[in-house]
Amino acid sequence: MAKTNRGRFFEDYRLGEVIRHAVPRTVSGGERALYHALYPARHALYSSDEFARSVGLVADKKGAPLDDLAAFHIVFGKTVPDISLNAVANLGYAEGRWHLPIYAGDTLRAESEVIGLKQNSNGKTGVVWVRTRGLNQRDDCVLEYVRWVMVRKGNPEAEAPETHVPELQPVLTADDLALPAGLDFSTYDFELAGEPHRWGDYAIGEQIDHVDGVTVEEAEHMLATRLWQNTAKVHFDSTARPDGTRLIYGGHVISMARALSFNGLANAQMIVGLNGGAHANPCLSGTTIRAWSEVLDKAETAAPGVGAIRLRLVATSGGAPFQLKGEDGKYLPEVLLDLDYWALMPL
Amino acid sequence: MAKTNRGRFFEDYRLGEVIRHAVPRTVSGGERALYHALYPARHALYSSDEFARSVGLVADKKGAPLDDLAAFHIVFGKTVPDISLNAVANLGYAEGRWHLPIYAGDTLRAESEVIGLKQNSNGKTGVVWVRTRGLNQRDDCVLEYVRWVMVRKGNPEAEAPETHVPELQPVLTADDLALPAGLDFSTYDFELAGEPHRWGDYAIGEQIDHVDGVTVEEAEHMLATRLWQNTAKVHFDSTARPDGTRLIYGGHVISMARALSFNGLANAQMIVGLNGGAHANPCLSGTTIRAWSEVLDKAETAAPGVGAIRLRLVATSGGAPFQLKGEDGKYLPEVLLDLDYWALMPL
Amino acid sequence: MAKTNRGRFFEDYRLGEVIRHAVPRTVSGGERALYHALYPARHALYSSDEFARSVGLVADKKGAPLDDLAAFHIVFGKTVPDISLNAVANLGYAEGRWHLPIYAGDTLRAESEVIGLKQNSNGKTGVVWVRTRGLNQRDDCVLEYVRWVMVRKGNPEAEAPETHVPELQPVLTADDLALPAGLDFSTYDFELAGEPHRWGDYAIGEQIDHVDGVTVEEAEHMLATRLWQNTAKVHFDSTARPDGTRLIYGGHVISMARALSFNGLANAQMIVGLNGGAHANPCLSGTTIRAWSEVLDKAETAAPGVGAIRLRLVATSGGAPFQLKGEDGKYLPEVLLDLDYWALMPL
């Protein structure tokens, strides 16, 4: 088995090293169509070349960009063989920023810099922080985010590295967000976009129940997770877990919840920042995913007609909306995802 | 829940109003490939750019058009949030006409004009007739059809509108059909198309058992229905119906039956007219869909080598072919679909 | 039922006849994306336009080629209605050669020449050998292979044809393989490709356990098999076999095993030769497919930096790796596939 990748263990990471992930990926209209088949995605900017053009995004003969989360999943997928093959838990995200929309014809690859290491007191596991960058064929950074995971040690006797916990922004400010070049919502067509609610119509603290639900199937989450070239065994191999279930890739839940949030947030068109996120409970096939959102903050931007809105997006497997944690401060068992992101919306 | 779309109720429609549906959609080779993955579609004109070119359809650098039913599903899907979210039943179709093939790169949107209203005697529901038009990025009408649905009233006390039942053609004549510009079947390659049977070989009254069957799965019909951006809950949410089943989108059955009809009608290449259709019984996952056809009429056309054939296409969940209704005049329980359409075929 | 295709029976084949198969097929980024959604395919040359360019494959504005097995499945699928609709068993493959990579925009069709016939002693079946060629829109042969199948006689009284068993090469030599024009692995990026192991690192006789497994679902294999326009009933119709199971297309197992072999053979980039293959046992939904490989031979080639490696690829439904046959010389029940192919690899 010398030639197969057993993944990295905690002691294999060095602070400051940059891991160049394998298998670059070119996207086309195929990935775009599949995204729409896998999720009930309806944000007009990603559905229509004409709509994207009308808000200043399409230059030359390019069509609309691919969904921001498709970019995220592709970059994330590249990191799995090097970062999370031996991960015990995906602990968090921070400082996620989308720098450039991605278009059919773009080729993405990824690099991760190890920015933090901390062995756990049990001596068997440790936490690894990486800053991952997605790069296109021109080596422009299209996306970056920090992620930290708990990783097993391969050799329990391996010496603990010096602890370094990176300082991370708990929340990006609106000034930290990259605004896509040319974006202009001043002549935005609300009717074609699907809802009349503009940035000014949302109040901080407002909660929105997205009402709809989607029951997920094994074939679907595996199609998605393979499309993103995510190789984690637990998503595909029903013999990998003692109970015979396949764990659904957390990103599948993110995309499903984001797509469901169209109903009430149809104009929160582009995701540009990721402040944090927790995969609160595992999601299995047969679950009916529902979603609700809460407006956490709002800010103006320098782009014409464009406001920024900070949203909590919660995916659940049922229960009443707007319930997140129990009296013990822990996520309720029906909460699947608690995501904190910035989106761009017409004023 | 003020920001989510609860759909329109019967009293929300006004005779003559035009509803501009949301979320335009650009299609690519991705939608075309998915259509072939979702249905056993083999009509050569949609499978091969070269075949489409050989019958005069491909100008410039365009490839073959997308399946006519893909165009129908996309346009139909756009109308769901405005027309059928609170529909109790999909009652019928009429005067469906395909005006232009759609190609990779085209962006479709849809508009519906309310052409009829009739409150039911129970006072709780009413029938709404709409004429829906699919428009491309140049605002050309690519497709139109009339559809009527029974819709719940939101407020049972709402006053009944004046009844207006539109006059509809029970059947389109061959003269009503749009012939795609340039279409020429005079050098049609029957061998590449897959069957030797030409227009002249079919007799009015002839019945064809398409022999093959496809057992349908939850993941497949959801992928398809999402791809068409159809948002009706019952197709996706296993908690929406008391028995925990998901209702398969009627259009999925139409496409499956049409694809199965290749075996015996491989040369009925293009659908150009829809005279009527009934979703006779619901279709659920696990059903093995079969199909049979009956030749209802034939007509010559002005295009070189092109004949029109009017077909009944029946999808079933089993039983003997050619059985449609019981002695009570009602559809047999195994009949899923009874569709009446015009197709173009080489003479 | 006169108009439907009942398939050919043994007595319908004539030695030397060339069958021109129906339904040409144009591929796009859609087929490429679907291939990546259906299989955990990660070979960089097919995943990235940039990687393909870096090894000399992409001329003009073309992107990376489609997976070699996608080409194989499309060509194979075309042959099913004429060759294997009444086949009792798929007996073998030989002399398979990939002559040209296929790219988005290419249109494939297929022809098969009957090169052997032998009625079985029971008088009810016979073996048909065909040499199938896949042709692109310029009538270049992109792929050819010999396949033999056991086919039922339609009329048991039909006279036996003269027996002709073709002479086939048991194994292609490296000189028989076509090297893609321009292919140059001399500046190959092993890091981006995903593994450091080069041609020189593999020893004849070496065995590799590919470690990962994928549990397969009905929806997935049907999506794949439809995409290749393979019409064999047993893959789709759960009423076609007495036990209600659907038989998974053998090519689905080939592609799954080949994709799994990335882990340990990431640099065996292109398949260029098929020496033989056996679908040792049927594969059903719910099976967790695993794979192992054995290096059978190695050879140098005339292309810069390019070596050829002959591999046995075995797919299993479990059990220990590297076990193939029992003491009786028969395949073990957990062996699904035993494939013998040539691939190209950086020196």
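Predicted model: local features only at pLDDT ≥ 70, side-chain atom pairs only at ≥ 80, totals over all residues.
Local features were taken at pLDDT of at least 70 and side-chain atom pairs at pLDDT 80 or more, while totals for chains, interfaces and linings use all residues. Residues are numbered from 1 along each chain as its sequence is written, chains are lettered from A in the order in which they are written, and side-chain values use heavy atoms, without hydrogens and water.

The contact between chains A and B (heavy atoms within 4.5 Å) draws 46 residues from chain A and 34 residues from chain B. About 3200 Å² is buried between these two chains, 54% of it on carbon and sulfur atoms; buried area is the accessible area (1.4 Å probe) lost by two parts on being put together, summed over both. A:Ala37, A:Arg42 and A:Leu192 provide 20% of the area that chain A buries against chain B, more than any other three residues. Seven salt bridges link chain A and chain B, a salt bridge being a side-chain nitrogen of Lys or Arg within 4 Å of a carboxyl oxygen of Asp or Glu. One of them joins A:Asp189 to B:Arg20, with the closest N and O atoms 2.7 Å apart.

Towards chain C, chain A contributes 34 residues and chain C 46 residues. The buried area is about 3200 Å², with 54% from carbon and sulfur atoms. Of the area that chain A buries against chain C, 25% is supplied by A:Lys3, A:Arg20 and A:Arg226, more than any other three residues. Seven salt bridges are counted between chain A and chain C, including that between A:Arg20 and C:Glu191, whose closest N and O atoms are 2.7 Å apart.
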